[in-house]
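This briefing is meant for a reader who is new to the structure. Please look through the sequence and the model below before going on to the points that follow.

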Amino acid sequence: MGGALILARFTFREAIRKKMVIWVLVLSAIFVGLYAYGFSSLRSNYLERVADGQEPPFGFAVFAGVMTVLGFYTVNFLSGVMAIFASVGSVAAEVDAGTFHAIVPKPVSRWEIVLGKWLGYALMLAAYVSLMCLSVLLVARYIGGYTPPNRVAGSALVVLVSLVLLSLTVLGSTFFSSLTNGIIVFMLYGVALMGGVVEQIGEFLQNDTLTSIGVGTSLVIPSDAVWRTASYLLQQSGGFSIQAIQTPFTASSNPSNAMLVYAVFYAAGALGLSTWVFGRRDL
Amino acid sequence: MQGCSIERPCVYASRHPIETGRLMTKTSLSLDTSPAIYVEHLRKEYGSKVAVQDLSLQVERGEVFGFLGPNGAGKTTTIKMLNGLVRPTSGRLSVLGRPLGDREAKKRIGFLPELFRFHEWMRAEEFLDFHGSLYGLSRGERKQRIPEALKLVGLEGRSRSRLRTFSKGMLQRIGIAQAVLADPLLVFLDEPTSALDPLGRRDVRDIIRTLQERGVTVFLNSHLLGEVEAVCDRVAIIKDGEVAALGPKAGLLGGEHVVEVWVTDMPERLLHEVRRRYRVVGAEARGQGQARGPAPTGGRAPVAVNTECRLSLHLSNGEAPALVELLVGGGARVHEVTPRQRSLEDLFVDVVQVGGDR
Ligand SMILES: Nc1ncnc2c1ncn2[C@@H]1O[C@H](COP(=O)(O)OP(=O)(O)O)[C@@H](O)[C@H]1O
Ligand SMILES: [Mg+2]
């Protein structure tokens with residue numbers, strides 16, 4: 001296990017040295033800035049309308065709620081993309097470069113190497129998602145005067161989304177070259193997004209075929225199903241419902257808890273499988 | 001080759017090479033006298049390609065062992081199997097008396113990979129710190145050993161440089177530093193001088209001698225035969241994934257000498273006779289002519305002779321006078337007969353060329 005921590009630390013340092021961390025932070029700061037600007041102009045627009053006597057049909061909380069979920073959605077998307085691209089070569093690139101030749105003979109197990117790299121990325125993603133969710137919440141609160149429900153659970157589920165994608169990418173990296181792996185996982189990620197929309201339409205139209213397609217894609221890659229739960233939780237207010245507003249990014253019905261459990265096992269299983277595959281591989 | 005026992009646990013189950021922990025002796029690794037490396041009927045197939053055919057050998061503690069063979073003979077594959085990078089298809093092996101993958105054994109094994117590719121964003125000392133921590137060295141141990149290792153390989157002034165800025169030779173040096181960092185009992189060096197200039201090669205030779213003095217077992221894979229000859233106690237030459245020659249360097253090279261012969265007026269028949277009786281490894285005959293003067297074999301017709309002929313051939317101790325008698329008696333004029341110690345190169349060419357090139 002000590003070996004895994006060494007590799008986790010190594011992964012973190014590598015991300016810093018390769019300037020990944022700094023650029024992610026710079027671009028994320030730009031995103032937060034734009035988000036805050038958008039939020040504040042939405043607010044002033046709303047207040048102007050109220051002052052003009054053209055009060056919109058919903059209270060500002062409804063708009064603020066949608067804005068907040070959109071903010072979380074963006075964080076979800078960015079961290080998902082980051083999970084995929086950061087770890088796309090976690091095993092493959094080291095195998096191709098031959099850098100494992102000096103590491104694998106050391107007194108660390110192969111599973112520790114895979115787990116350690118996974119852990120390094122997982123901690124970075126968790127920290128990133130937490131920071132970004134916190135930024136969105138602070139913007140919503142101090143600019144929009146709005147605080148969504150289930151903040152911690154919602155953020156934790158966004159972390160889970162990135163861990164699902166991370167595990168899947170690490171697994172792919174034990175089979176495929178970085179490029180192939182990136183393409184495959186990213187396509188699956190896209191399919192999951194599509195599947196989510198299809199499932200919601202299916203539910204709306206009560207079309208079983210569409211719903212089954214959606215559930216099927218969630219089983220193949222449960223990232224979007226987890227996101228929809230997060231989205232649902234973040235909009236679940238006691239007094240009124242903002243779920244009247246439909247967007248492809250928000251969820252109207254609560255995906256089952258079983259799907260969350262499945263996602264956790266999916267991530268753990270993919271990670272376990274990648275240690276197994278890597279353990280048997282000739283280097 | 002000896003079999004396995006509790007004291008001599010050359011354990012390794014071919015189908016599960018990564019698993020550990022069978023038949024462990026409790027002797028400390030450094031006191032253990034089991035062979036440093038034990039390999040029996042080792043085989044590796046990559047798909048239908050056989051990289052190592054059937055390899056058996058044993059390396060004792062404290063030996064500097066030269067592992068030679070032509071390109072593609074399976075040397076790197078063997079070293080990779082001994083270091084757990086590649087799964088053997090079948091066979092048994094143990095390292096430092098422990099089964100493959102044993103953590104205690106791995107702590108005392110150093111390995112310089114053939115391709116020596118490292119994470120080039122690291123600084124030299126950071127690289128060694130990372131590998132030292134993988135070895136399980138404490139912070140204090142690393143602090144002490146990293147400067148020592150850098151000094152040993154002559155990179156003490158470059159500890160803050162990034163590996164990206166290193167030349168190939170420097171990367172190979174830092175690779176050696178990494179291999180000797182954890183006070184190893186056994187060090188594998190796969191072509192340690194491939195990227196080094198002559199001075200660097202001499203340095204590596206000195207490093208190997210230092211290790212030898214400390215009682216470290218060194219498994220040296222190199223195609224630079226002079227190097228191997230200079231430092232190795234025992235040598236194996238492998239060919240097509242099998243051991244073609246194995247023994248102490250003195251034994252393999254001694255006993256036989258190579259004799260260089262320069263003669264003129266060498267009759268064709270005599271050349272055939274020499275070839276029949278001795279192992280001729282080089283012959284260069286120039287200019288057909290006729291024997292000058294009366295042929296000593298009798299008053300027959302002029303014999304076809306080679307005006308100038310240079311031969312190298314193998315002789316056992318004490319055979320030189322008989323060779324000279326044969327040559328003189330056959331009518332050749334002998335100018336020079338120079339014995340020299342057989343070099344590893346002679347042996348290598350000899351062993352590897354049997355049966356022709358691959
Ligand atoms: N990963 C691999 N896949 C297929 N063949 C391989 C692989 N690695 C080595 N070989 C083959 O195995 C043989 C032995 O290779 P190697 O051990 O590298 O030889 P050496 O180090 O003695 O030059 C070569 O013919 C090589 O082509
Ligand atoms: Mg080789």
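A polar contact here is a pair of N or O atoms within 3.5 Å; within protein, one of them must be able to donate a hydrogen and the other to accept it, and residues adjacent in sequence count only if both atoms are side-chain atoms. The model is predicted, so local features need pLDDT of at least 70 and side-chain atom pairs count only at pLDDT 80 or more, while totals for chains, interfaces and linings use all residues. Residues are numbered from 1 along each chain as its sequence is written, chains are lettered from A and ligands numbered from 1 in the order in which they are written, and side-chain values use heavy atoms, with hydrogens and water left out.

**Ligand 1**

- The residues around ligand 1 (a heavy atom within 4 Å) include Y46(B), K49(B), A51(B) and P70(B), together with N71(B), G72(B), A73(B), G74(B), K75(B), T76(B) and T77(B).
- Oxygen atoms of ligand 1 lie 3.0 Å from a side-chain N or O atom of K49(B) and 2.7 Å from a side-chain N or O atom of T76(B).
- For A73(B), a backbone N or O atom is 3.2 Å from an oxygen atom of ligand 1.

**Helix packing in chain A**

- Helices are DSSP runs (H or I, at least four residues), numbered from the N terminus, and their axes are lines fitted to C-alpha atoms over the stretch in contact, with angles from 0 to 180 degrees between N-to-C directions.
- Helix α8 (residues 178-205) of chain A packs with helix α9 (residues 208-220) of chain A at an angle of about 150 degrees, their axes being 7 Å apart.
- The pair α8(A) and α9(A) is therefore roughly antiparallel, a term for angles over 145 degrees.
- Contact (heavy atoms within 4.5 Å) between these helices involves, among others, L188(A), V191(A) and E199(A) in α8(A) and L210(A), I213(A) and V220(A) in α9(A).
- By class, the contact of α8(A) with α9(A) has eight nonpolar, six polar and two charged residues.
- Helix α3 (residues 60-87) of chain A and helix α10 (residues 223-235) of chain A pack at about 155 degrees with axes 10 Å apart, which makes α3(A) roughly antiparallel to α10(A).

**Helix packing in chain B**

- The axes of helix α3 (residues 124-134) of chain B and helix α5 (residues 168-180) of chain B come within 9 Å and cross at roughly 30 degrees.
- That makes α3(B) roughly parallel to α5(B), the term for angles under 35 degrees.
- A124(B), F127(B), L128(B) and H131(B) in α3(B) meet I174(B), A177(B) and Q178(B) in α5(B).

Technical notes. Helices (H or I, at least four residues) and strands (E, at least two) are DSSP runs, numbered from the N terminus. Angles under 35 degrees count as roughly parallel, over 145 as roughly antiparallel, 65 to 115 as roughly perpendicular and the rest as oblique. Ala, Val, Leu, Ile, Met, Phe, Trp, Tyr, Cys and Pro count as nonpolar, Asp, Glu, Lys and Arg as charged, and the others, Gly among them, as polar.
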